[in-house]
Amino acid sequence: MKKSKPYAELVSQAEEATRAIKDPELRRVAFERVLDDLFSGGGTAMSGSARAAKGERSTRTAPKPKKSSGPTGYVRELIDDGVFKKPKTIAEVKAELANRGHHIALTSLSGPLQKLCQERLLRRHKAKSGDKGKKVTFNYAEW
């Protein structure tokens, strides 16, 4: 039976693992994930490069993403291909999907894009509007 470490020790490990991250929001998210991993018994909060330097391999393998089809799956493919390195409007996302042979209505993309923003795969922000702000548009980009 494995003895659990005290909470303060796990927190300090998580802080150490995320210390180098500059963006405060990203550091907070990373801290939460590292701490969750430590609580679930995922091992020490040692970075992959630190493990490699010690000659250790990661014991945790990345879960295979299930192939999903439909708008969410297609947008995930765009994320994987780096389309969102530069911010894109929903119309640009629709056009890129159409170029790839997926003709999806604009109204069917807003939900999946919002879901991917909630999963922190994409970031959404208001676009500067040139027509006195009558219509609000959003840009989507990678974190």
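1. Basis of the model. Residues are numbered from 1 along each chain as its sequence is written, and side-chain values use heavy atoms, with hydrogens and water left out. In this predicted model, local features need pLDDT of at least 70 and side-chain atom pairs count only at pLDDT 80 or more, whereas totals for chains, interfaces and linings use all residues.

2. Overall composition. The protein chain has 6 helices and 3 strands; these are DSSP runs numbered from the N terminus, with helices (H or I) of at least four residues and strands (E) of at least two. Along the sequence, the elements follow the pattern α-α-α-α-β-α-α-β-β. Of the 143 residues, 24% count as buried, where buried means under 20% relative accessible area, exposed over 50% and partly exposed in between, with a 1.4 Å probe and protein chains only. Among contacts in the protein chain with a separation of 6 or more, 43% come from residues 24 or more positions apart; contact means heavy atoms within 4.5 Å.

3. H1 and H2. Helix H2 (residues 24-39) packs against H1 at an angle of about 135 degrees, with the axes 9 Å apart. Axes are lines fitted to C-alpha atoms, for helices over the stretch in contact, and angles run from 0 to 180 degrees between N-to-C directions. That angle makes H1 oblique to H2: under 35 degrees counts as roughly parallel, over 145 as roughly antiparallel, 65 to 115 as roughly perpendicular and the rest as oblique. On the H1 side the contacting residues include Leu10, Val11 and Ala14, and on the H2 side they include Phe31, Val34 and Leu38.

4. Tyr7. This residue belongs to helix H1 (residues 7-18) and is one of the H1 residues that meet H2.

5. H4 and H6. The axes of helix H4 (residues 70-80) and H6 come within 9 Å and cross at roughly 55 degrees. The two helices are therefore oblique to each other, and their crossing is right-handed. Pro71, Thr72, Val75, Arg76 and Ile79 in H4 meet Pro112, Leu113 and Leu116 in H6.

6. Arg120. The loop between helix H6 (110-118) and strand E2 (122-126) contains Arg120. Its phi is near 65 degrees, a positive value in a residue other than glycine. Arg120 counts as partly exposed because its relative accessibility is 30%.

7. Asn139. Located in strand E3 (residues 138-142), Asn139 is buried, with a relative accessible area of 15%. Leaving aside neighbours within four places in sequence, its contacts are Pro87, Lys88, Thr89, Arg123, Arg124, His125 and Ala127.

8. Charges and rings. The charged end of Arg123 sits over the ring of Trp143, 3.8 Å from its centre, and that of Arg124 sits over the ring of Phe138, 3.8 Å from its centre. The criterion is NZ of Lys or CZ of Arg within 6 Å of the ring centre and within 35 degrees of the ring normal.

Technical notes
Left-handed = near helix turned anticlockwise from the far one by under 90°.
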